[in-house]
Amino acid sequence: MKHDYTYWIEKWNKGKIFRVENDRVKKKSFIFSSFPKTNLYGFQDARFRSLLACDFYSRYERMKGINVLFPTGFDSLGFSSFIENKKHNIAMKKDIVSIFDEQMKFFGIGIDEQKKMDLKQQDYLTSLQLAFVELYEKGYIRYDWIEVYQDVAGKKIFDSYFSKDQFVPNRIKAFYLDLSSIQNEILEKIHHLPCQEEQKNDLLKMMEPKEILQMNLAVTNGAKLPVELEEPQYLGGLSFILIHPDYMDISLYTLYEEYPAIELYLSLENENDFGVFSGTYAINPLTGKKVPIFISVKYDVPVYLANPFLNSLDHITAKEEGLPIIDVVQNGVFIESDFLNGMKEELGREVIIKSFLDADMCQCKMVYTKDKILLSSLDSLGALIPFLKDSEDRIYSLKKYLPFIFSAKLRPILDENIDVPGNIISGSINHIFSTGMLPILSLLYDDIGAVISIFSKEAIELYKAWFPIQFMAIYQTDLFESIFFPLCIFSIIEKESKVELPPLFQKLEIETYGCDENGKPFTKANHNLFEMKNCLEHIHGDALRLYFLSKPLNQNFIYSVLELESLNNLLKGIEEVYYRGFRQTSTLDSVFPSFIKEEENYLKQGDIPSYTLHLITFFKTNIYKGVMNVDQGKTFLKLLYLVCPFLADDLFESVFKSKYLLNDDGWLN
């Protein structure tokens, strides 16, 4: 069995079997996988099952004559990849891109050079920055204050969804994606995803679902104030209520004699940051105490209930205004909260929701509180944010000057005649945006320099022609970036284009972790990184494919050297069977048709592990001991080709003396 991979890689490339054709009539198929996280050693974490699964399906659909788009590439945006230093770039190319490119090819992963994307290249960077600017221009990306988490050193910021215990909460001015106008569309798309309920629930959690109470607070002048309580368990500590001046029923909660003060507050002469007293109070239904109601523009919500226990800013405001502050929790247990006293916070929430529902005082409603996704990073060596900011905090677009990158001296490279005022905005576009845009930008990214708007008519036609993604396999850790975020962008594109597009995904597979023989994940800390180069010296690339494709993506697996060596020997057995020749009369006539039918059923279901295991089992129990005729031999090679392309094409050429590739021979008749 040959280990000369380059021979077949060159033949495949020469035959252009991976090439995406500009054919308007030919049936199309879009297949997508997470791009590998780049490092200096290639697939050292053994996380390549999703790539292999996508290559398996790509080969299958190409054999059926389908025009397949399977973009692959290198997720290199985490590196200082936009510095124009020749020595640095040469090292980057040699040590990172070339290693991954070589290992992917030795795995038999079909790479179309036109659709091989290194995310640090300027043409891709232009597409990324253009999409960023356009989403900002349409009001979906905003530059404003947002809650983040920050490392202790203050050098990194994280979306609050990804907060960890060691990070510090903070509020900074940054770019974020505003989901408030598309939440319903995102929810609907999640519910219709072709994946397990567990994954749908994981995606819904990313929108931070919360059960809230809708109720009417009694006001001292006899009115009823409709409010929504996101944290009803802390109702006992309610210190004040702010009603926005735009609230439609504001006159119901304001005494007549207070109107002059309100008019002054709303005038240009106003110097009051907090608000103005309405003259009325709401009755706290938990404690019976009166809570002052103010007219205020401090918060951009119709009705804001202030609880200093939850919000330190409210605590400061209440103290400055001389309002009573009630501590409702002490050592994690409720106090001053009527019948909740003595309960832990989580239990208190359950009890108060049930109590108000039982008393018919409220209604329950599910809301999704996550409506902002942080898009800024403090790392200045990623994909730079294409905006400048002046001294008065106004920002200016660099749309005409893309790509916006750094020179070797860490200075921005812009047009010589630039007339945009301002300074570089600190930081860069974060990984969520850079990775989340890939399923969409991969489709638009074609020839060098071909950069088009994600909202253009040309883009819309491409979405209609290529989507949904027929098969998508990603890492478990990329659920937010590779599924949730693209769903957000796709919802925006549909809303802005006023066109109903095909669904984004047809079939989803999630790759979970693999472990070494001791059950430990492949990590540098565990001193067990997967040595791909050493492995390929004595194990055939097809044996690795056979091994990993036989493992379900959604199940963790324990790497077994013995099992891998056994499959390597199996390939030698297949070779042996083919070189012993064929007979006109086959002993497999009674079992071969049902074998083919079962394999095709697995393909229709997208069940790659069952397909692979059935292939192995049938060879061991039937073919190895039986006799095949020529037609059965060719058919088995076509089935084998999806899993072991090197061996299948090698046998097709050497045994059947074929002058063309298995891919060109087409799928089963």
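Visitor: What makes Ile262 count as buried or exposed?

Guide: This is a predicted model, and in it Ile262 has a relative accessible area of 6%. Buried means under 20%, so Ile262 is called buried. The residue belongs to helix H7, which covers residues 259-266, and its C-alpha is 9.0 Å from that of Pro245, a residue 17 positions away in sequence.

Visitor: How many of the residues of the protein count as buried?

Guide: Of the 669 residues, 54% count as buried. The protein has 21 helices and 29 strands, and its C-alpha trace spans about 105 × 65 × 50 Å along the principal axes.

Visitor: What makes the contact between Asp178 and Arg142 a salt bridge?

Guide: The cut-off is a side-chain nitrogen of Lys or Arg within 4 Å of a carboxyl oxygen of Asp or Glu, and the side chains of Asp178 and Arg142 meet at 2.7 Å, N to O, so the pair is called a salt bridge. Asp178 lies in strand S7 (residues 168-178) and Arg142 in strand S5 (residues 141-150), so the pair ties together parts that are 36 residues apart in sequence. Asp178 is buried at 11% relative accessible area, whereas Arg142 is partly exposed at 38%.

Visitor: Which strands does the salt bridge between Arg171 and Glu147 tie together, and what is the distance between the closest N and O atoms?

Guide: The closest N and O atoms of Arg171 and Glu147 are 2.9 Å apart, and that value is within the 4 Å cut-off. Because Arg171 lies in strand S7 and Glu147 in strand S5, the pair ties together parts that are 24 residues apart in sequence.

Visitor: Where do Lys638 and Asp665 lie, and why is Lys638 called buried?

Guide: Lys638 forms a salt bridge with Asp665, the closest N and O atoms being 2.7 Å apart. Lys638 lies in helix H19 (residues 630-641) and Asp665 in helix H21 (residues 662-665), so the pair ties together parts that are 27 residues apart in sequence. Lys638 is called buried because its relative accessibility is 8%, under the 20% limit, whereas Asp665, at 27%, is partly exposed. A search of the whole structure finds 28 salt bridges, and salt bridges also link Asp55, Arg59 and Arg545 in a network.

Visitor: How do you know how many disulfides the structure holds?

Guide: A search of the whole structure finds 0 disulfides, where the cut-off is two cysteine sulfur atoms within 2.5 Å. The sulfur of Cys195 has its closest cysteine sulfur in Cys488, 15 Å away, which is too far for a bond. For Cys644 the closest cysteine sulfur is in Cys535, at 14 Å, again too far for a bond. Cys195 is buried with a relative accessible area of 16%, and Cys644 is buried with 0%.

How values were computed:
Residues are numbered from 1 along each chain as its sequence is written. This is a predicted model: local features need pLDDT of at least 70, side-chain atom pairs count only at pLDDT 80 or more; totals for chains, interfaces and linings use all residues. Side-chain values use heavy atoms; hydrogens and water are left out. Buried means under 20% relative accessible area, exposed over 50%, partly exposed in between (1.4 Å probe, protein chains only). Helices (H or I, at least four residues) and strands (E, at least two) are DSSP runs, numbered from the N terminus.
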